[in-house]
Amino acid sequence: MAKTKRGHVLWSLPSRGRGTCPICQSTRIKLLYPRTKTDGTAVKVCKRCDKAPQAKVDAIDEVK
């Protein structure tokens, strides 16, 4: 049977859940994985950076 609802929730996200990863700087990549910095702020990262060490997550600057 076909899975018609697979990925449908991404349509409601801005830019279909895509953007630039704040850790590896990859562009037009899906940012679906939340990581929490030590100060408590949540950051969305890509699948590859989901397993990044906490030191790299803490080094992210929020410049937007």
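The side chains of Asp50 and Lys51 meet in a salt bridge, with 3.7 Å from N to O; a salt bridge here is a side-chain nitrogen of Lys or Arg within 4 Å of a carboxyl oxygen of Asp or Glu. The model is predicted: local features need pLDDT of at least 70, side-chain atom pairs count only at pLDDT 80 or more, and totals for chains, interfaces and linings use all residues. Residues are numbered from 1 along each chain as its sequence is written, and side-chain values use heavy atoms, with hydrogens and water left out.

**Salt bridge**
- By this rule the count comes to one salt bridge.
- Asp50 counts as partly exposed because its relative accessibility is 22%, and Lys51 counts as exposed because its value is 70%; buried means under 20%, exposed over 50%, and partly exposed in between (1.4 Å probe, protein chains only).

**Strands β3 and β4**
- Strand β3 (residues 33-36) pairs with β4 in the antiparallel sense over four bridges; strands are DSSP runs (E, at least two residues), numbered from the N terminus, and pairing requires at least two DSSP bridges.
- Thr36 stands opposite Ala42 in β4, and Pro34 stands opposite Lys44.
- Five residues lie between the strands of this hairpin, in which Gly40 takes a positive phi near 100°.

**Nonpolar core**
- The largest nonpolar core has ten residues, including Cys21, Val43, Val45 and Cys49; such a core is a set of buried Ala, Val, Leu, Ile, Met, Phe, Trp, Tyr and Cys residues joined through side-chain atoms within 4.5 Å.
- Leaving aside neighbours within four places in sequence, Cys21 is in contact (heavy atoms within 4.5 Å) with residues including Leu31, Val45 and Cys46.
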